[in-house]
Amino acid sequence: LTAEDIFSYVDAERWSEITKAIKASPRAVCVTFHGAQMAAMRGLYSQQNGWITLQANETNRPDLVGASGDSGAALFSVFREVQNGKPLLIAPDARFGKRLPPFNILGAEFSAGEGAAFIAYHARAEQRWLHMDFQQDRLVPVCVPGPPVAGGEKYESYKERWNDYYARRL
């Protein structure tokens, strides 16, 4: 299937509602996972002018930031972009960067990268979980608000709450 084929199955009205909500936020970190829906999600996300995606591979595209060489430098780069109001799409289940404590999913141990929690906390960005639901013959985008930073909350506490949130979403 081509990208156009995939996009033809997406519920465009729902995606429009989600993009409006993300644009209304001064800072947004959108998290997802590497599942069958990832190509469609990344494709839709990249169509939004000025939105960025952190990915493993290096690239020359301005909307994609590669983290395979120096994940710390990539994290700092996207952190600055989020501070400047560019929404970020990140899949913390990627296999690079500093890892959070492992959790159990269906009997398997799993851990997520710390980058999304770090950026959301330090940039005071809204967190949003994004994925695609397969409903009959449609791909329906889903957006679930993530944990906000509580007033006076320390990063270690937020990081634990974020890790629990991500484990529940998976």
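I shall take the cores and then the cysteines.

This is a predicted model, in which local features need pLDDT of at least 70, side-chain atom pairs count only at pLDDT 80 or more, and totals for chains, interfaces and linings use all residues. Residues are numbered from 1 along each chain as its sequence is written, and side-chain values use heavy atoms, with hydrogens and water left out.

A nonpolar core here is a set of buried Ala, Val, Leu, Ile, Met, Phe, Trp, Tyr and Cys residues joined through side-chain atoms within 4.5 Å. Buried means under 20% relative accessible area, exposed over 50%, and partly exposed in between, with a 1.4 Å probe and protein chains only. The largest such core has 28 residues, and Val-29, Val-31, Leu-88, Trp-162 and Tyr-166 have the most contacts inside it. Among the elements giving two or more residues to this core are strand E1 (28-31), helix H5 (115-123) and helix H6 (155-169); helices (H or I, at least four residues) and strands (E, at least two) are DSSP runs, numbered from the N terminus. H5 gives the most, with 6 residues.

Beyond its neighbours within four places in sequence, Val-29 is in contact (heavy atoms within 4.5 Å) with residues including Leu-88, Ile-119 and Arg-128. A second, separate core of 16 residues includes Trp-15, Ala-28, Met-41 and Trp-51.

How many disulfides are there? With a disulfide taken as a pair of cysteine sulfur atoms within 2.5 Å, the count is 0. The sulfur of Cys-143 lies 6.4 Å from the closest cysteine sulfur, in Cys-30, and is therefore too far for a bond. Cys-30 is buried at 0% relative accessible area, and Cys-143 also counts as buried, at 16%.
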